[in-house]
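Please examine the sequence and the three-dimensional structure shown below. The paragraphs that follow lead through them step by step.

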Amino acid sequence: MELKTELVEEIDALIPKYPEKRSAVLMLLHKVQEDQGYISPEAVQWIAEKLELQPINVQELVTFYPMLRQEPIGKVHVKVCRTLPCALNGAYATCEKLQSELNCKLGGTSPDGNFTIEFVECIASCGTGPVVHVDETMHENIRPENATELADQLKAQVKSS
Amino acid sequence: MAVAEKRILLKYADEPGYTPDIECYKKHGGYQMLEKTLKMKPEDISAEIMTSGVRGRGGAGFPMGMKMKFLDRKSGKPIYLVCNADESEPGTFKDRQIMYKDPHQLIEGMMITAYAINAKLAFIYIRGEMQEGARILENAIKEAREGGYLGDKILDSDYSCDMVVHRGAGAYICGEETGLLESLEGKRPNPRIKPPFFPAVLGLYQCPTLVNNVETLCNVKHIVEMGGEEYAKIGRPNNTGTRIWSVSGHVNKPGYFEFECGALTYGELIYDVCGGIPNGRKLKAVIPGGSSAKVLRADERFKGKLKDGTEFDWSIEDIPLDFDGPMAAGSMSGSGAVIVMDDTTDMVEAMANINAFYAHESCGQCTPCREGALWLKKVTTRMVNGGAREEDADLLKSIADQIEGRTICAFGEAAAWPVQSFVAKFKDEFIEKARAQANGAGKNGKMGAFTLA
């Protein structure tokens, strides 16, 4: 597997920060996923070699941590918090609204490949729930009533990208 | 009239024009305490922290001074400092405020602590979803390094310590300190068994390690500034300092508020500070310290004797907002997350929501937790999806009772306590659910359908 030179440089700078190489594995997985969109078997192999680990030592993290994924997703990743404080304020209805507006099933990707919608557990912004995390941006107070607004904004974002 | 906030940690965070950069921090007196402490003896700083009585703000409320005292300093191994910034107890959003708005306060608190325990390397384990927070902290560390506040020969002293930001990847169990250490070592975050793996003795890389929450470590700066004895005057005995409370759910003005411990009650917090329950509805229940804490019912009376011998007879509204108040009422203040539910809340649905969380987050290491949490979820999901049975309340209690006390870490209790308390206190609702469904009603919850994943 070939990674961009800059990415490899970033990775090479990261590893020596830790007293033991293996500690860097989660940060490497983040770096690779942010660049490639997901963790492929080749990526697992590459990271394992880089850190002198067995591939299973990397693979078992990919299958454990909710943020790591083994499949590509849509261009925009929509994560709706479904935990109690958000749910008390309508997160489930918000999620349904987003699904219909973005033509995307929960846990799946829209047919045009633009959106992936998932439920996630508490993302620590319970005072402004329901919260929707889109890629790296937190959208607060997304009640069912204003979910359409957010959906429109996301559609416009995809169009202009 | 609402009790005024006493903002020590959040003094500047929300001030207009206050920015997370080092220049702004220094203009507000930043890093002066680090400068002062580097001239002190490390053991004197530890003594101030012990005197202050500051208790951990992450959930367990363990005295920080004791944790420092337990550190094995004779092993000859390096000592590590780890900041638990994996804020993930449902309902909690306080550490986020500090890290995003005032990151240097955390770094200064950590460097003082690191000096006190002679750590040469400190980690901030921040939850994976806080990408922006991680960037803010990285940048702040870079600024602090350039300013000589961390790295080699800090402020021209003989002391050196570096700091690394490490991102989690969405797993709640990483908030458990030994799970966090496993994760930081690059492994699955299965918590370690204690004894022997107390972090103070066998922590990160099997070396002595101090693990503390963001809010706790920020307090260190203020303890040094005012002295342990003065700090201990804030709040009440055994409940010293301020705490940042996160309020969510059914209140008019949810948010985070910093109060002197015990300066007000849960009632004052909910009604005066947070503007009460929306739409003229009534209070039904409160989870006083994050979703792992036992639920309290609005019409419940809490009676007993406090440690000092005074008798109490409280409703929810009378419970002091501190560590010991909710504990006396049979629950806990946990991470300071107050989740409020009004009288429209379907308690079976709320329970199903909580159970789905713990089933998703169990690391799977201990069978009672892995299987038990899953069954709790399956039963309550079936209940809200139209298949409730009258005997489910007893079944849920039986499953929860078989998890509690049978796991390596406290996650087992965190999954069992909500169930035990919901079922004990709202049993009629669980039974009524089955009866209503037998009559063709109550099959569509207000929170929406729950699906079995």
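Helices and strands are DSSP runs, numbered from the N terminus, where a helix has at least four residues and a strand at least two.

The model is predicted. For the complex, the predictor gives an ipTM of 0.97 and a pTM of 0.97. Chain B has a mean pLDDT of 95, and 97% of its residues reach 70 or more. Where pLDDT is low, predicted coordinates should not be read in detail.

Consider next how the two chains meet. Chain A gives 35 residues to the contact, and chain B gives 46 residues. On the side of chain A that touches chain B, the elements that supply two or more residues are helix 2 (25-36), helix 4 (55-62), helix 5 (84-88) and helix 6 (91-101) of chain A. Sorted by class, this side of chain A has 21 nonpolar, seven polar and seven charged residues.

Chain B itself is divided into domain 1 (22-233), domain 2 (236-342) and domain 3 (347-438). The C-alpha centres of domain 2 and domain 3 of chain B lie 24 Å apart. Their contact takes eight residues from domain 2 of chain B and nine residues from domain 3 of chain B. On the domain 2 side of this contact in chain B, there are three nonpolar, two polar and three charged residues.

A sheet of chain B deserves attention now. Strands of a sheet pair through backbone hydrogen bonds, either parallel or antiparallel. In chain B, four strands form an open sheet in the order 3-2-1-4, and the pairing is parallel. Strand 3 (162-167) and strand 4 (209-213) of chain B are the edge strands, each pairing on one side only. On average, neighbouring strands of this sheet are turned by 20° against each other, direction ignored. Within the sheet, strand 1 (residues 80-85) and strand 2 (residues 121-126) of chain B pair in the parallel sense over six bridges. B:Tyr80 stands opposite B:Leu121 in strand 2 of chain B. Helix 10 (residues 214-226) of chain B packs on the sheet and touches strand 1 and strand 4 of chain B, and its direction makes about 100° with that of strand 4 of chain B. Helix 7 (residues 131-146) of chain B lies across strand 2 and strand 3 of chain B, and runs at about 170° to strand 3 of chain B.

Is helix 8 (residues 177-184) of chain B mostly covered or mostly uncovered? Helix 8 of chain B is mostly covered, as eight of its eight residues are buried. Among them are B:Leu180, B:Leu181 and B:Leu184, as well as B:Glu177 and B:Glu182. The buried residues of helix 8 of chain B pack against helix 2 of chain A, together with strand 1, strand 2, strand 3, helix 9 (199-202) and strand 4 of chain B.

Strand 7 (residues 242-249) and strand 8 of chain B pair in the antiparallel sense over six bridges. These two strands of chain B form a hairpin with five residues between them. B:Trp245 stands opposite B:Phe257 in strand 8 of chain B. Strand 8 (residues 255-260) of chain B is mostly covered, with five of its six residues buried.

Terms used: Residues are numbered from 1 along each chain as its sequence is written. Chains are lettered from A and ligands numbered from 1 in the order in which they are written. This is a predicted model: local features need pLDDT of at least 70, side-chain atom pairs count only at pLDDT 80 or more; totals for chains, interfaces and linings use all residues. Two residues are in contact if their C-beta atoms, placed from the backbone, lie within 7 Å. Ala, Val, Leu, Ile, Met, Phe, Trp, Tyr, Cys and Pro count as nonpolar, Asp, Glu, Lys and Arg as charged, and the others, Gly among them, as polar. Domain bounds come from an automatic or database domain assignment. pLDDT is the predictor's confidence in each residue, from 0 to 100. Two strands pair if DSSP finds at least two bridges between them. Axes are lines fitted to C-alpha atoms, for helices over the stretch in contact, and angles run from 0 to 180 degrees between N-to-C directions. A residue is buried if 20 or more other C-beta atoms lie within 10 Å of its own, exposed if 12 or fewer, and partly exposed in between; C-beta atoms are placed from the backbone.
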